[in-house]
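Here's a quick briefing to read with the structure open beside you.

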Amino acid sequence: MAAFLQTNIRLNSIKIVPGRYSSPTDHQFRAPYRIRCAAASPGKKRYNIALLPGDGIGPEVISVAKNVLQKAGSLEGLEFDFQEMPVGGAALDLVGVPMPEETFTAAKQSDAILLGAIGGYKWDKNEKHLRPEMALFYLRRDLKVFANLRPATVLPQLVDASTLKKEVAEGVDMMIVRELTGGIYFGEPRGIKINENGEEVGISTEIYAAHEIDRIARVAFETARKRRGKLCSVDKANVLDASILWRKRVTALASEYPDVELSHMYVDNAAMQLIRDPKQFDTIVTNNIFGDILSDEASMITGSIGMLPSASLGESGPGLFEPIHGSAPDIAGQDKANPLATILSAAMLLKYGLGEEKAAKRIEDAVVDALNKGFRTGDIYSPGNKLVGCKEMGEEVLKSVESKVPATV
Ligand SMILES: NC(=O)c1ccc[n+]([C@@H]2O[C@H](COP(=O)([O-])OP(=O)(O)OC[C@H]3O[C@@H](n4cnc5c(N)ncnc54)[C@H](O)[C@@H]3O)[C@@H](O)[C@H]2O)c1
């Protein structure tokens, strides 16, 4: 970074740096794209941001979110060095692996990572270790980002886009804290094996150590404390041993957070309550697989999966910020994607990743402003509003960022 400071390159000057990627297969190549945007204005705060656009609509939404991040940051005296790296299917096409070592190194050395989405029809038949989605598992695991924060808020402007009745959906504002690096997605033993009868059996193991439960519970208690002070722990303690331990540890920690009201709910009931009366929830904490499912369910309450950001945080190192949606191959390359989930992920990056709350608030306010002006992508469109594409939505948010007075937080 020091070298960049000395060279005094303008913020919007983009330099292509030929990169050498090494992969687990020892394949090395000259990268056709590894982009660095470097800036140098003495006295400004600088951050390295790894941009991983990925596949499908990923590059479209990342390009828009990057501009918004840059503008909101510059208005608060922040400058960013963006380093764009291939991941997922894009990396498979380039180097034959979904997570090239050099991409991981750039991500690990950054201050924060903004990811688009991964996957697509083209790679659907790949062997498991060569599927684009494996990159996500590697990233989350190796960055040790065990806490996944997924807000689900029904904005008043979008209440009609919800599949639920207006009176049920309006006012919903919850945060799902999902454990991200443990449980059944990573547990051993796993795999497809042959049993003693010569029959194939598929094995996945739900396993949680006490320290894994404690650390995610602490994140959830702290999160609830900063919100409305209500935490609901979701498990399946009537059936699963891992859940029995989960409930025991979460309950034990509650005495350290007397200001937080703790409740417990079985996951099947939680899935039902989310649809019946979602307003009852403030903060939810749950394991990896339940969090995966419940947060997608919660996204539909808000109107569209294209609206929901997420933050994945560890005890140290950079956080990973990404929309919760996938690569949407059905609309990729058509300028139809809703970029707001990624733009809001950039706001979470500023808030939770860099502690830059004012710049984050600028983005959140600008998103609301663009919606107030009636701009809608297809997924959240309703008659009477203005249908726009991904790029135009990004431009409108950018205009709102520029026109708004400095945020107070
Ligand atoms: N984090 C990730 O990168 C991630 C997450 C989920 C799925 N995936 C991958 O994405 C691919 C497609 O998966 P899927 O179809 O199950 O889920 P998806 O989220 O990509 O798409 C589901 C539906 O939502 C729509 N949609 C998603 N994002 C949108 C947006 N921003 N704006 C407007 N509409 C949007 C899509 O058009 C589609 O109809 C698969 O390869 C899957 O493995 C990746």
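This is a predicted model: local features need pLDDT of at least 70, side-chain atom pairs count only at pLDDT 80 or more; totals for chains, interfaces and linings use all residues.

**The nonpolar core**
- The largest nonpolar core has 110 residues, and the members that touch the most others are V68, L114, V177, I343, A346 and I363.
- Which helix gives the most to this core? That's helix 11, spanning residues 340–353, with 9 residues.
- Now zoom in on I343: once you set aside neighbours within four places in sequence, I343 is in contact with V64, A65, V68, I363, V367 and V397.

**Helix 2 with helix 12**
- When two helices pack together, you describe the pair by the angle between their axes and the distance between those axes.
- For helix 2 (residues 58–75) and helix 12 (residues 357–372), the angle is about 130° and the axes are 9 Å apart.
- The crossing of helix 2 past helix 12 is right-handed.
- On the helix 2 side, the contact is made by V68, A72, G73 and L75, while helix 12 brings A359, R362 and I363.
- Sort the residues of this contact by type and you get 5 nonpolar, 1 polar and 1 charged.
- You've met two of these names already: V68 and I363 are also among the core residues that touch the most other members.

**Helix 7 with helix 8**
- Helix 7 (residues 210–226) and helix 8 (residues 241–253) have axes that come within 9 Å and cross at roughly 50°.
- With that angle, helix 7 and helix 8 are oblique to each other.
- Helix 7 also makes a right-handed crossing as it passes helix 8.
- Who meets whom here? From helix 7 come A210, I213, D214, A217, R218 and F221, and from helix 8 come L245, W246, R249, V250 and L253.
- By type, the residues of this contact are 8 nonpolar, no polar and 3 charged.

**A closer look at H264**
- You'll find H264 in strand 13, which covers residues 261–266.
- Is H264 buried, exposed or partly exposed? H264 is partly exposed, because 16 other C-beta atoms lie within 10 Å, and a buried residue would need 20 or more.
- H264 and C232 are 32 residues apart along the chain, yet their C-alpha atoms are separated by 5.4 Å.
- Not counting residues up to four places away in sequence, H264 touches S233, D235 and R247.

Note on methods. Residues are numbered from 1 along each chain as its sequence is written. A nonpolar core is a set of buried Ala, Val, Leu, Ile, Met, Phe, Trp, Tyr and Cys residues joined through C-beta atoms within 7 Å. A residue is buried if 20 or more other C-beta atoms lie within 10 Å of its own, exposed if 12 or fewer, and partly exposed in between; C-beta atoms are placed from the backbone. Helices (H or I, at least four residues) and strands (E, at least two) are DSSP runs, numbered from the N terminus. Two residues are in contact if their C-beta atoms, placed from the backbone, lie within 7 Å. Axes are lines fitted to C-alpha atoms, for helices over the stretch in contact, and angles run from 0 to 180 degrees between N-to-C directions. A crossing is left-handed if the near helix is turned anticlockwise from the far one by less than a right angle, and right-handed if clockwise. Ala, Val, Leu, Ile, Met, Phe, Trp, Tyr, Cys and Pro count as nonpolar, Asp, Glu, Lys and Arg as charged, and the others, Gly among them, as polar. Angles under 35 degrees count as roughly parallel, over 145 as roughly antiparallel, 65 to 115 as roughly perpendicular and the rest as oblique.
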